[in-house]
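Please look over the sequence and the fold before reading on.

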Amino acid sequence: MRIFFKYFGMALVVQVLLVVAGVTVGSVSSSVDALFERYLKLYEPFIVLILRSGNYRGEAAMIDPVIKGVPLGIFLYSVLVGALAFAITKLKAR
């Protein structure tokens, strides 16, 4: 289990740092902003899931799904990385 939490934490920190860096640097440079938009495409399934599960209207339909979908995606991708690392180490131990 220690392997799971190690890789879960590393994946979580890396993703959060990339999102924070993209938001801060993206507001300064338009070329970085385009790259950040491509990075956010990774979280699009979660954004769409939140959009369809909620009853959002107007401006909330543009903002709330992104604010809730990106953290959900970061968490679930981190769980996936941790589980994969745990499974790989268990398979190598055999």
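A helix crossing is called left-handed if the near helix is turned anticlockwise from the far one by less than a right angle, and right-handed if it is turned clockwise. The model is predicted, and in it the crossing of α1 and α2 is left-handed, whereas α1 passes α4 in a right-handed crossing.

The axis values for the two pairs are set out below.

| Helix pair | Axes come within | Crossing angle |
|---|---|---|
| α1 (residues 2–26) and α4 (residues 60–93) | 8 Å | roughly 145° |
| α1 and α2 (residues 30–40) | 9 Å | roughly 145° |

**α1 with α2.** From α1, the residues in this contact are Gln15, Leu18, Val19, Gly22, Val23, Val25 and Gly26, and α2 supplies Val32, Asp33, Phe36 and Tyr39. Sorted by class, the contact of α1 with α2 holds 7 nonpolar, 3 polar and 1 charged residues.

**α1 with α4.** In the right-handed crossing of α1 and α4, the contact residues comprise 17 nonpolar and 5 polar, with no charged residues.

**α4 itself.** This helix is made up of 34 residues. The distance from the first C-alpha of α4 to its last is 49 Å, close to the 50 Å expected at 1.5 Å a residue. Which residues of α4 are buried? They are Pro65, Gly69, Val70, Gly73, Ile74, Ser78, Gly82 and Ala85. The cover over the buried residues of α4 includes α1, α2 and α3 (44–53).

Technical notes:
Residues numbered from 1 in each chain as written. Predicted model: local features only at pLDDT ≥ 70, side-chain atom pairs only at ≥ 80, totals over all residues. Heavy atoms only, no water. Axes fitted to C-alpha atoms, helices over the stretch in contact; angles between N-to-C directions. Helix = DSSP H or I, 4+ residues; strand = E, 2+ residues; numbered from the N terminus. Nonpolar A, V, L, I, M, F, W, Y, C, P; charged D, E, K, R; others polar. Contact = heavy atoms within 4.5 Å. Expected span 1.5 Å × (residues − 1). Buried < 20%, exposed > 50% of the residue type's maximum accessible area, 1.4 Å probe, protein only.
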